[in-house]
Amino acid sequence: MRLFAILSLVLSIVTLGACSMQGSAPDADGSPMVSPILTTEDAKDPYSYAQPEVARVTHVALDLELNFENRDVSGTATLDVLAADSADKVILDTMGLEILSVTDNAGSDLPFEVGETKEGIGAPLTITLGDKRQVIIAYKSGPKAKALQWLVPEQTAGGKHPYLLSQGQPTLNRTWIPTQDSPGIRQTWEAKITAPEPLTVVMSGLSGGDPTDAGKGRRVFNFTMDKPVAPYLIAIAAGDIVFKELGPRSGVWTEPAMLDKAAAELADTEKMIDAAEELYGDYRWGRYDMIVLPPSFPYGGMENPVMTFLTPTFIAGDRSLTGLVAHELAHSWSGNLVTNANWSDSWLNEGTTSYFENRIIEKLYGNKRASQERALNFAAMEETIAEKGSDADITALHLTGENASPEGGASGVIYDKGASFFHTVEAIVGREKFDTWLESWFDRHAFEPATSAMILADMRKNLVKGDEELEAKLLLDEWVYQPGLPSNALRPDPAAFAEVDKAAAAYVANRTLDKAVWEKWTSAERLRLLSKLPQQLPDEELAKLDGDLGLTASANNEILFAWLKLSLQNRYDPAVPLAEEFLATVGRRKFVAPLFETLMEQGEWGKPIAKRIYAKTRGRYHAVTTGTVDKTVLGED
């Protein structure tokens with residue numbers, strides 16, 4: 001059962017209801033939209049100090065200055081608080097912030113206390129409100145704020161100006177914004193950002209227009225997000241960036257040297273938006289812009305509303321990796337519109353989105369590409385389940401215990417098993433019926449948090465509708481709460497890779513590959529072949545593979561990564577210079593962490609190489625990436 005927090009005995013049900021349901025725009029009276037919170041046990045967030053059932057943040061107004069020399073942000077955060085009449089305190093999340101003062105909106109000091117710091121969570125900031133419901137916090141971020149990465153000019157494509165980028169998911173925004181940093185506590189926000197010329201600032205909110213002159217070589221940029229979002233979706237980037245329009249509601253920002261390549265790779269964006277809307281209803285965020293960041297960005301993409309952050313590693317020159325864009329766009333419905341209430345249910349964000357992504361790909365590029373990408377993802381899921389163990393709790397969609405931490409779970413489960421669940425349900429109930437239900441799920445819970453229990457209850461009410469035979473076929477609880485892969489899982493079409501699998505079998509038999517066939521294959525087909533090759537190969541065979549297929553010269557980073565991983569696990573010395581170059585220019589954790597792990601697994605051959613490369617490259621990576629690789633290479637807990 002879904003419960004809204006009762007914040008005051010005198011708050012009317014009408015007020016909460018009006019603020020919480022469809023809410024695609026501010027309330028009719030112009031006041032900001034307020035999303036509900038959930039108070040069931042499965043919705044509570046153990047990685048936030050907030051007590052939203054007592055007092056919760058509804059709106060954040062930032063007035064910040066970017067200081068590239070000191071690598072910090074400083075200024076104020078003005079928070080609107082909704083609280084019970086009897087509540088006299090609000091608790092926020094912070095990590096490494098220097099709190100200078102806290103006042104009410106009249107400028108009077110409010111008592112505050114920064115509590116004990118806990119690893120991975122930070123410290124609580126407890127503010128005594130009295131009867132005040134707005135607080136102004138003057139503060140400064142620390143020089144090692146994990147959400148923020150400050151790049152020197154040499155780390156950019158242009159090489160002339162510094163660059164700032166942020167990555168807040170899952171719990172890093174508390175290192176530069178004092179707020180209730182939990183996905184279940186959605187907030188509207190606005191920001192006034194002062195930055196040095198000639199840098200341009202973008203954020204995950206709608207721009208307030210051209211910047212204004214602040215004097216002393218600085219400019220002011222304004223942004224607004226009038227729809228409540230999970231706080232991890234507040235994002236910022238600043239650098240020598242320019243814009244190119246892609247369509248009536250889409251465009252791309254990036255450095256001037258990358259603009260033409262990025263725009264060409266993203267040329268289908270407007271078609272993707274149209275395809276997504278045809279599938280599951282209106283796009284509710286206004287614009288869909290993207291920024292292609294420097295290569296140190298730790299993820300493939302980040303679905304920040306109205307400003308998707310993208311890695312440059314998706315640029316292959318042939319749009320073969322634009323499934324990444326479809327994925328981030330799909331998050332505008334699954335993840336941004338309806339968000340997991342806490343990280344134990346991150347599959348609700350990522351599994352739903354991975355399914356949605358595949359449907360966009362099918363609609364835009366056809367069933368062959370979609371079925372091949374689905375087969376690759378299914379194989380990744382099976383590999384993860386085999387590696388972890390089919391009875392391991394980490395292979396359940398709903399995570400428990402230490403697996404439910406913000407960085408817990410496995411992508412082969414959260415993304416791929418989640419998508420497989422929806423493909424299976426679709427196959428059993430029929431596509432038309434499933435699509436009607438999924439669109440209605442987004443409508444019913446727009447701008448709200450959700451849990452596994454909620455989506456299963458919604459399925460039973462609005463899809464199963466009491467059909468006992470259908471309920472038995474779907475195995476809903478087994479999919480979500482049990483480890484392993486249920487027996488009813490929809491398996492990929494064997495025909496999807498029939499030609500590739502035949503070629504791989506021929507290679508095993510006679511060690512020959514047809515170069516002409518390789519050249520006409522799709523990116524998915526090439527990746528499938530590399531995954532099907534024998535994993536132990538001598539140097540001469542690896543050299544021949546590279547010579548025949550041109551793997552070292554591939555412009556596709558997914559293929560280059562697969563080739564490097566195969567080469568390094570076979571201790572192939574000629575691949576080491578390429579690996580070193582790749583790891584020095586790419587910061588995407590998906591690529592970086594497995595390559596270092598592969599090297600470290602090679603004992604006396606690989607460990608010295610890994611440690612030598614990491615000593616040179618660590619300073620180029622975002623904290624998200626170093627947080628994983630440190631444990632592998634440096635042995636840190």
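Which residue in S6 stands opposite Ile91? Keep that question in mind for the first close-up; the model in all these views is a predicted one.

**View 1. Strand S3 pairs with strand S6.**
The residue across from Ile91 is Thr126, in S6. Ile91 itself belongs to strand S3, which covers residues 89–94. Strand S6 covers residues 123–128, and the two strands pair in the antiparallel sense over six bridges. Strands of a sheet pair through backbone hydrogen bonds, and the pairing can be parallel or antiparallel. Is Ile91 buried or exposed? It is buried, because its relative accessible area is 16% and the cut-off for buried is under 20%. For a sense of distance, hop from Ile91 to Glu604: they are 513 residues apart in sequence, and their C-alpha atoms are 50 Å apart in space.

**View 2. Five strands make an open sheet.**
Read across the sheet and the order goes S16-S17-S18-S20-S19, with mixed pairing. Which strands stand at the edges? They are S16 (242–247) and S19 (301–302); each has a single partner strand, so one side of each has no neighbour in the sheet. S19 is joined to strand S20 (residues 307–310) by two bridges, and these two strands run antiparallel. Look for Met302, which stands opposite Phe309 in S20.

**View 3. Val306 has a positive phi in the loop between S19 and S20.**
Now slide along to the loop that links S19 and S20, where Val306 sits. Its phi is about 60°, a positive value, although Val306 is not a glycine. Val306 counts as buried because its relative accessibility is 5%.

**View 4. Arg71 has a positive phi too.**
Arg71 isn't a glycine either, yet its phi is positive, at about 55°. You'll find Arg71 in the loop between strand S1 (55–67) and strand S2 (72–83).

**View 5. Two prolines follow cis peptide bonds.**
Start with Gln169 and Pro170, which are joined by a cis peptide bond with omega about 0°. Pro170 lies in the loop between strand S9 (163–166) and strand S10 (187–196). The other cis bond here joins Glu197 and Pro198, with omega about 5°. Pro198 is in the loop between S10 and strand S11 (200–203).

**View 6. A salt bridge links Arg589 and Glu407.**
Side chains of opposite charge can pair when their charged atoms come close. Here the side chains of Arg589 and Glu407 meet at 3.5 Å, N to O. Why does this pair tie together separate parts of the chain? Arg589 lies in helix H18, while Glu407 is in the loop between helix H6 (367–388) and helix H7 (411–429), so the parts being tied together are 182 residues apart in sequence. Glu407 is partly exposed, with a relative accessible area of 46%.

**View 7. Arg287 forms a salt bridge with Asp289.**
In this pair, the closest N and O atoms are 2.8 Å apart. Arg287 is partly exposed, with a relative accessible area of 25%, whereas Asp289 counts as buried at 7% relative accessibility.

**View 8. Asp548 and Lys544 pair up within helix H15.**
Their closest N and O atoms are 2.7 Å apart in a salt bridge. Both residues lie in H15 (residues 539–549), and they are four residues apart, about one turn of the helix. Asp548 is partly exposed at 25% relative accessibility, and Lys544 is partly exposed at 44%.

**View 9. Four glutamates form a negative surface patch.**
The members are Glu383, Glu387, Glu597 and Glu601. Glu597 is in helix H18 (residues 589–600). With a relative accessible area of 41%, Glu597 is partly exposed.

Key. Residues numbered from 1 in each chain as written. Predicted model: local features only at pLDDT ≥ 70, side-chain atom pairs only at ≥ 80, totals over all residues. Heavy atoms only, no water. Patch = residues over 30% accessible without salt bridge, like charges linked within 9 Å, V, L, I, M, F, W, Y side chains within 5 Å. Areas by Shrake-Rupley, 256 points an atom, 1.4 Å probe, with all protein chains shown as cover. Lys, Arg positive; Asp, Glu negative; His and termini not counted. Charge placed at Lys NZ, Arg CZ, Asp CG, Glu CD. Buried < 20%, exposed > 50% of the residue type's maximum accessible area, 1.4 Å probe, protein only. Pairing = 2+ DSSP bridges.
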